[in-house]
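Here is a short briefing to read alongside the model. It goes through a backbone feature, a sheet and a core in turn.

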Amino acid sequence: MGPEQSLAEALQQAGYPVETSCQSGLCGTCKVRYLSGVVDHQDFILDDSEKSEFLTVCVSRAASGTLLLDL
């Protein structure tokens, strides 16, 4: 996965299809639970309580080396 590639694109390439819609972090269609790691949330839909458990794979990025997603 490169810096120009979204998590959604990387997951699709790895054989883990994730439903997406807006690709802008506005709708929440691609909301996924994460189990560990530090997330750079770039969405506009999740509130602070949701951000401790979920991310939007269309726009969010890993702020740490590894994210463990609950797929």
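A residue is called buried under 20% relative accessible area and exposed over 50%, with partly exposed in between. By that scale Q23 counts as partly exposed, because its relative accessibility is 39%. Please keep in mind that this is a predicted model.

**Backbone at Q23**
- Q23 has a positive phi of about 60 degrees, although it is not a glycine.
- For context, most residues other than glycine have a negative phi.
- You will find Q23 in the loop between α1 (7-13) and β1 (31-36).

**The sheet**
- Three strands form an open sheet in the order β3-β1-β5, and their pairing is antiparallel.
- The edges are taken by β3 (54-56) and β5 (68-69); each has a single partner strand, so one side of each is left without a neighbour in the sheet.
- Three bridges join β1 and β3 in the antiparallel sense.
- Within this part of the sheet, K31 stands opposite T56 in β3.

**The nonpolar core**
- The largest nonpolar core has 14 residues, and V18, L55, V57, L67 and L69 are those with the most contacts inside it.
- Both α1 and β1 supply at least two residues of this core.
- The largest share, three residues, comes from α1.

**Around V57**
- Setting aside neighbours within four places in sequence, V57 is in contact with S6, L7, A8, L11, V18, C30 and V32.

Notes: Residues numbered from 1 in each chain as written. Predicted model: local features only at pLDDT ≥ 70, side-chain atom pairs only at ≥ 80, totals over all residues. Heavy atoms only, no water. Helix = DSSP H or I, 4+ residues; strand = E, 2+ residues; numbered from the N terminus. Buried < 20%, exposed > 50% of the residue type's maximum accessible area, 1.4 Å probe, protein only. Pairing = 2+ DSSP bridges. Core = buried A, V, L, I, M, F, W, Y, C linked by side-chain atoms within 4.5 Å. Contact = heavy atoms within 4.5 Å.
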